Amino acid sequence: MSKLKNFNLRDFGAGIWAGWNRPTRTIFVLAFISLIALLPFAESWGPTSFLNTPITSFQNVLVYPVGMFVLMALGLNIVVGKSGLLDLGYVAFFAIGAYSQAILSTFYGWNTWEVLPFGIGFAMLSGVILGLPALRLRGDYLAIITLGFGEIVRIVALNLTVTGGPSGVAGIPNPPGFFGLKFDIMNPQNFFWVVLALILLTIWMIRRFTVRRPGRAWEAIRQDEDVASLMGVNTLVYKLWSFVIGAAVGGAAGVIFASKVMVISPDMFKFDVSILILACVVFGGIGNIWGVALGAAILAYLPERIRFLADSRQLVFGLVLILMMNLRPDGLLPRKKREKITEKGSK
Amino acid sequence: MNFSVIGSQFWSLAFQGLALGLIYSLVSLGYTMVYGVLRLINFANSEVFMVGTFSVLYLQVYILGIPIGDPALHGVKLIAYLAISLIGSMVVCALLAILVELVAYRRLRARGANRLASLISAIGVSIALLEGFSMLTGARGKIAPRLLDKWSFGEVAGANFRIDQVMAIVMPIIIFFLLDQFVTKSRLGKSIRAVSMSEENSKLMGIDINRVITLTFCIGGLTTGAAAFLYTTVYENTVFNVGFNMGIAAFTAAVLGGIGNLRGAFYGGLALGMLEQFASAILGSQWKSITVFVVLVVILLFKPNGLFGEAVQQTRT
C-alpha cells in the first residue's frame, strides 16, 4: 500500500527515460511531437473523434484556449514553479503582447512576424518595470502587487483611445503565410503548429536554463531566499530574470493570440485568466514542465468539452479543481522528490 | 483632473470614504485573520461576502416577507428586522467560511501540501460558489428591499450624515473594538495569537490547532457577514460577482495595513476607502483602482510589510 501511495509517475517516467540511449530518446521525442502535431486531425479520425468539442470548433479550441494556455502556463511556471514567486497578474504580459500586435499591425501595418520580437520586448520591458520594485517584496505582498499590475494594464487599455477603449481593437490582420502555410480562419491548424513550435521552444529554453546557473539560482531562491543570498546568489537579479523570461513567453502568446482572433478587447484580459493559468500550473504539478503542460491542456480543454452542460460547466470546473487538489495536492505529475523534500521545511 | 472638488466636497467625500472604508476593513478581516494563522490567502472570502449579501436579500424578501418597493419600516419592527438580517447574514457567512476551511484547507493541511495547492482549492470553491449563484440568479443583479428610511441627521460642512452611512461607520468600530478585546484578553483570543506566532510551539502547549483555525475562519466569516449586511443596507442591491471587486479591495486594504494584523486591517480599509473616494472625485472613477494600486506599490516600497506590518522575521512564508 505504501509503495502505491509513494508512487510518483514523474519519477517513474524519468526512470524509463534514464534507461534509454540517445537514438531511442530522439525517436521517442520525434514520435511524440508528431503525434501532438497531428492533434488537429483527431476530430475527424474515428477512434479519437470523442475528443471533438461540441459547439466550438475543435481546431480552434486547440489554438485557444489549449495551446495558448499551455504556452502561458509554461511561462508562468518559470516564475511560480522554478523561482517560487507568486504572480497573480500574469495576464498583463499576455495583454501587452496582444495590444502590441493590435496597435502595430492596424496603425503601422507591421505583420505578425515583425511584431513578435517587439511584443516580446515590450512584455519583457514591462516585466523589468514591474519587477524592479515588486521583487524586493516577499510572498503575498508580491502577489497583490502583480495582481494590481494586471488590473492596471487592463484598466489602462480600457481608458486609452489608442487601445480602442472598452470595444478594443478590431480588424487585426492574420499573419502572412510562409512555406505555403496560410494563416486565416479556414486554417486554424496552422496556428496550432506555430503555437506548438513556440511551446517546444519554451520547453527547450526552460530545460537549458534549469541545468545552468540561472536554474540553480532559481532553485536556491525558491527553497530559501535568505540562504541563497548568503551563498552569494544575487537574488534580485535572478528573480528579475525569471520574471522577465516568464513575461517574454506571455508576450509571445499575446501576439499570436491577437493575430489569430483578430479582435481583442480589455474583457479578454481579466483577472480570471491569471488565476486560470495559475490553476493550470498548480493543477498539473508545479515546477514540472510535463505536468504543467498536461494540466494546462486539461484545464483549457475541459470547459470546452463539457460545453453541453451549458451554464453549469464552470461550476463543474470549480468542483474538479477542489476535488483534484484534495486528491493530488502536488498536482497530476509532481516535481521530482529531490526538489520537493526541502519545500516542507520552508512552509 | 479636477482638484476643485477637494475644496468644495472635502467633508462629504471624507464621510463617504469613511463609510466605504470601514465596510472594506470588515471584509479584510476575513483575509487578515486567516492569514495571521495560516499564512495563506483566504481566496474564497470574496464569495463568502457575496453569499452574505444574497442571504440578507433572501432573508428579507422570502423569510421576513418584505416585498421590494414597500415603504420603509419604523420603530421596533425596523430594529428587529435589521437585527435579524444582520445576525442571519453573519451566521450564514460564518458557517460558509467554516465549510470553506473544511473543504479547501483542512485535508490539504493534514497532508502537508504546499501552500499554492490550498490557494487553488480555495479558488475552486470560489469559482463553484460564483457560478452557482450566477445560475441561481440568472446572472442578473437583484434589488434589495428598503427596510431603513434613509433620513439624514443633518448636513455638516457639506457632508450629509445619512443614517445608513452613519451605521456603516459606527457598527464596524464597535465590532473592531469587541474583536480587539477578544483577541487580546480572552483565552481563545490568546490561542489565536499563539498559533499565529508559532504553530509548532502552540501545539506543544496543548492548543488544538484545528479548533483555532476553524475559529479564525468563523470570525472572518462573522465580520464579512456584517459587512455584507451593511453593504446591502447602504447600496440596496447585489449581483453574483459583487464579491470580486470587494474581495480585491479588501485584500488590498489588508496588505496596505499589514496583513495578519487586526489594526492594520482597520486602518488599511479606512485609508483605502478614503483614497478611492478622493481619487474618483479628482481623476474620474475609471482611474480609481489604478490610483489605489500605485499608492499601494509606493507604500510597500517604503514600508515592505504594510503600514502596521509585523517584523520581517515573522512574515516569512
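Helix 4 of chain B is mostly covered, with 17 of its 22 residues buried. The model is predicted.

**Helix 4 of chain B**
- This helix runs over residues 115-136 and spans 32 Å from its first C-alpha to its last, close to the 32 Å expected at 1.5 Å a residue.
- Gly138(B) follows helix 4 of chain B and has a positive phi, near 65 degrees.

**Helix 3 and helix 8 of chain B**
- Helix 3 (residues 75-110) of chain B packs against helix 8 (residues 209-235) of chain B at an angle of about 140 degrees, and their axes are 7 Å apart.
- The crossing of these two helices of chain B is right-handed.
- The residues of this contact comprise 15 nonpolar, 7 polar and 3 charged.

**Between the chains: helix 7 of chain A and helix 11 of chain B**
- Helix 7 (residues 139-159) of chain A and helix 11 (residues 288-302) of chain B cross at roughly 150 degrees, and their axes come within 9 Å.
- This crossing is left-handed.
- Helix 7 of chain A contributes Tyr141(A), Ile144(A), Ile145(A), Leu147(A), Gly148(A), Glu151(A), Ile152(A), Ile155(A) and Val156(A) to the contact.
- Helix 11 of chain B contributes Ser289(B), Ile290(B), Phe293(B), Val294(B), Leu296(B), Val297(B) and Leu300(B).
- By type, the contact residues divide into 13 nonpolar, 2 polar and 1 charged.

**Helix 6 of chain A**
- Helix 6 (residues 112-134) of chain A has 23 residues and reaches 31 Å from its first C-alpha to its last, close to the 33 Å expected at 1.5 Å a residue.
- Its buried residues include Leu116(A), Gly119(A), Ala123(A), Ser126(A), Gly127(A), Leu130(A), Gly131(A) and Ala134(A).
- Residues three or four places apart on an α-helix point the same way, because the helix has 3.6 residues a turn.
- The buried residues of helix 6 of chain A pack against helix 5 (91-108), helix 7 and helix 11 (235-261) of chain A.

**Transmembrane record for chain A**
- An unreviewed UniProt entry lists residues 26-42, 62-81, 88-110, 116-135, 190-206, 240-263 and 275-302 of chain A under "transmembrane region".
- In the model, residues 116-135 of chain A are 95% helix and 0% strand, with the end C-alpha atoms 26 Å apart.
- Residues 190-206 of chain A are 100% helix and 0% strand, and the end C-alpha atoms of this span lie 24 Å apart.

Key: Residues are numbered from 1 along each chain as its sequence is written. Chains are lettered from A and ligands numbered from 1 in the order in which they are written. This is a predicted model: local features need pLDDT of at least 70, side-chain atom pairs count only at pLDDT 80 or more; totals for chains, interfaces and linings use all residues. Side-chain values use heavy atoms; hydrogens and water are left out. Axes are lines fitted to C-alpha atoms, for helices over the stretch in contact, and angles run from 0 to 180 degrees between N-to-C directions. Helices (H or I, at least four residues) and strands (E, at least two) are DSSP runs, numbered from the N terminus. A crossing is left-handed if the near helix is turned anticlockwise from the far one by less than a right angle, and right-handed if clockwise. Contact means heavy atoms within 4.5 Å. Ala, Val, Leu, Ile, Met, Phe, Trp, Tyr, Cys and Pro count as nonpolar, Asp, Glu, Lys and Arg as charged, and the others, Gly among them, as polar. UniProt positions are given in the numbering used here, feature names are shortened, and annotations may be inferred rather than shown by experiment. The expected span of a helix is 1.5 Å times one less than its number of residues. Buried means under 20% relative accessible area, exposed over 50%, partly exposed in between (1.4 Å probe, protein chains only).
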